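Visitor: I'm new to this one, so please pick a single part and give me a close look at what its side chains are doing.

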Amino acid sequence: MLAARPQRTTWCVVQPSAGSGTGRQQVPENATEVTAAGIARLAGVGRAAVSNWRRRHADFPQPVGGTETSPSFALSEVEQWLRDQGKLVEVPLRERVWQQLAGHPAGPVTALVHVGCALLLADRDPAAWREITEVSDERTAAVLTLALGDALADRFGPAGHGRAVRTPDRAELLPSVPLLRAAAELAAETGTRETYEFLLGRQLDANPRQYTLTPPGLAELMAELAGTGDAAPRTVLDPAAGTGALLAAAPRTATLYGQESDPGLAAVTALRLALRATPGTGPDVRTGDTLRADAFPELAADAVLCHPPFNERGWGHEELAYDPRWEYGLPARTESELAWVQHALARLRDEEDPAERAAAQERLIANYADLAGAVIRMVDGKMSTRAGQFGSHGFGSLDAALRWLDEESSFITSALRHAEGVDQGAVLALLGALCDYCLLRGDLYRLGEISELTQAVDQGLLERSVRWRTGIAARQLGELDKARTTLSSVVGLYREARNDSGTALALCSLGITLHHQGNLTEAAARLREAMGLQSAAGQDADRAWSMHALAAVERDRGNLAEAVELLDSALVLHREGESLHGEAWTWFQLGQVWLRLDDRERAGSALGTALELYGRTHDERGTAWATTQLARALLAGGEADAAVERLTGALAHHRDNEDARGEAWTLYHLGQALEEAGDTVDAVRQLERARSMFSRMRDVYGLACARQHSGRVSRDQRAAQTGNLRNSGFARQLLVDARADFRRIGVAHGEAWTCLDLAVIDAGNQRAPQALELCGEAVGLFESYGDARGADWARFLRCTLLPYASPGGVEVGTVVAQQELAELRAAAHPARDAEVNDCADAYGVVLERGVDLEAGWQAWTLGLLPSRRTREVMGVAL
């Protein structure tokens, strides 16, 4: 928005020169001002010369405005001084007119309006113009306001009723009179229209940040698309006229209508167009907010040309909710562009035959389906949902393709609202692509809108396709029960339709949801069933997604060898299917497997690759997940502070994406990082928040993990305060619940470590026999999935308990413990944790010195326990 500079009376102290008197000179009110840069142009010198004149010449005019660092001077005083000094060069008339306009006391936009009005009058009646301007400035201003009233009424109609150009009064015109005379002189040389275009162009070039401009070439192209020759439109509307570029490009024979919210720009546009029009005619340009106060509610234009404002949230979403213009549905608050498009459609003359309109709509949807399908295919590869859509359709890059879909998604949604009678195959293809885009972008609001739309128009293939994506969206929001129910129903619908590829994809999504709920056994069964259906030719790209999903399940079940094999195969298939998105998620899962195997270098490389691919596919959700796991890799390398910083950033990203599950797991890892950094109080707080979120989502696996680590940290925090392991009742209950959860979902790794944590509490509370039994159970659990590393720790802790729990007493227990310790040291293997050997050697010394039963269990006080990081690693062979 432009604001006129406030009018003011400026006093200037003039230094007396030889032969002059002393005193104060009052600068005329509203005098035209000029900056140092303008003086330099007038004199044909550089700005440095002007600065030197100001320092060396005491009689140089004093500033009358501006700021200390950028002062302005009275133009009349500057010109007189330059003449007296013999420094005034012959400045081109164009430059003098521009300087007067740019320095106008009411601002350049007001000056442009006055110039436009004067040029209209001079063009209409040159003799009257000469007669009016041959008298004094005061007399010219008084007569001119009357003459302009007639000229403006002749072009724009009576004043009022929203007319953009108001007749200026005498006081407003007085400071403009010298400018108007000069502008009229320039117009006599170069032409009226050319003069105004020159001055307007200079103003726009000088203030590029104040205006949103339509490039001339684009304006001409848009006008040409609206029709030429016999097909040229008779009436043209621009509801966001701005500076009038689009209407200026319209055919001169057309009647022009425009509306602009900025009064200054509206007046400039009206004058610009009037100076181009045939004498006796004029454009109808009005001032006002187009969406809230439409100036042409009854207009039916042949063409609407518009370059609307973008990304406006305050366009009137609430007050215009029931406006009849929203034929294609109420635009979202964040999509003002769709409101402008629908306004434009509402003001178009309806001349199409219904059959022609339906055919055009079908062509539009078919073209959109091809283009949108090509974009998603560039992300997801040759899946069965993109069958036959393998062309790039001219997109130069994936980034360009995704930007196009970002810009067009609102219009695609609108097109789908009018799909009656359109080929259902094209509608299905477009719906699928748009739904996949919504999932990629996390635009779950639009996905819900599409779901409602399909339920209203179809109960078959379209609804199955959209409901499947709706179930995935519910999973992303953490609504796991809703996701499971929805996806289970979709599986049934596809089975009823005997659609094996659809059934398999729905089973894959259901299996992932079951995994997220911690139901690992059923998740693996559903994913293997999906892979069986995807064994047919042409299903490799689909099967790759099921394979990497199954690998994640088997990883959590402790079957790392199978997980690696599945991921390697999935990676090959994703590459063959050209699925960047599938590759990203496969590398993401592979990175987590390497973390489980304590191969931090390979884990970092895999997760970094995933992060790069997520960035290429614009997947914000995947980017946040990869950031969380990269922070986990930092933590595994002992960089706790760096991990805390990265996890905090990832937490904000997950919240922005409304990814509740991502937020919960990031809180869980943040609690672990804070524990490593020494802040156990905040660690417990974050773990408890994660536990609460997992509980609300009914994610049993996440809940079990959060309970286990929260119980362990709470136990250690309490023990650090009291110096012993007593009064650990709350921590013990958390661990008991965690063990029950792990057992229920079949996660032996989690149950085994929870047994050892419970054993520590029991041993510290003089329940050595119970603790010894828990260690034995842990050994069996570790061995059930081949975790030799975990089994080592369980056996070592058993040795520390034997002197206190042996039926034969401390002496027998000590001998047995020494024997088992020796066997443990002798049974070395590649997966062994080096700390086990150190702890075994240290406890061997304790046994040699003798165990004092009254001193209690000594392993905890001596720090001979597995670290938190040890529990994250599985010592299984690949």
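Guide: Arg661 is buried, with a relative accessible area of 13%; buried means under 20%, exposed means over 50%, and partly exposed is in between, using a 1.4 Å probe and protein chains only. Bear in mind that this is a predicted model, where local features need pLDDT of at least 70 and side-chain atom pairs count only at 80 or more, while totals for chains, interfaces and linings use all residues. Residues are numbered from 1 along each chain as its sequence is written, and side-chain values use heavy atoms, leaving out hydrogens and water.

So who is the partner in there? Arg661 pairs up with Asp699 in a salt bridge, at 3.7 Å from N to O; the rule asks for a side-chain nitrogen of Lys or Arg within 4 Å of a carboxyl oxygen of Asp or Glu. Arg661 sits in helix α29 (residues 660-676) and Asp699 in the loop between α30 (680-697) and α31 (700-722), so the bridge ties together parts 38 residues apart in sequence. Helices here are DSSP runs of H or I with at least four residues, numbered from the N terminus. Asp699 is buried too, at 1% relative accessibility.

For contrast, take a look at Arg869 and Asp598, whose side chains also form a salt bridge, at 3.6 Å from N to O. That pair links distant parts of the chain, 271 residues apart: Arg869 is in helix α38 (residues 868-871), and Asp598 is in the loop between α25 (580-596) and α26 (600-616). Here Arg869 is partly exposed at 32%, and Asp598 is partly exposed at 28%. By this rule, the model has 53 salt bridges.

Definitions and conventions:
Helices (H or I, at least four residues) and strands (E, at least two) are DSSP runs, numbered from the N terminus.
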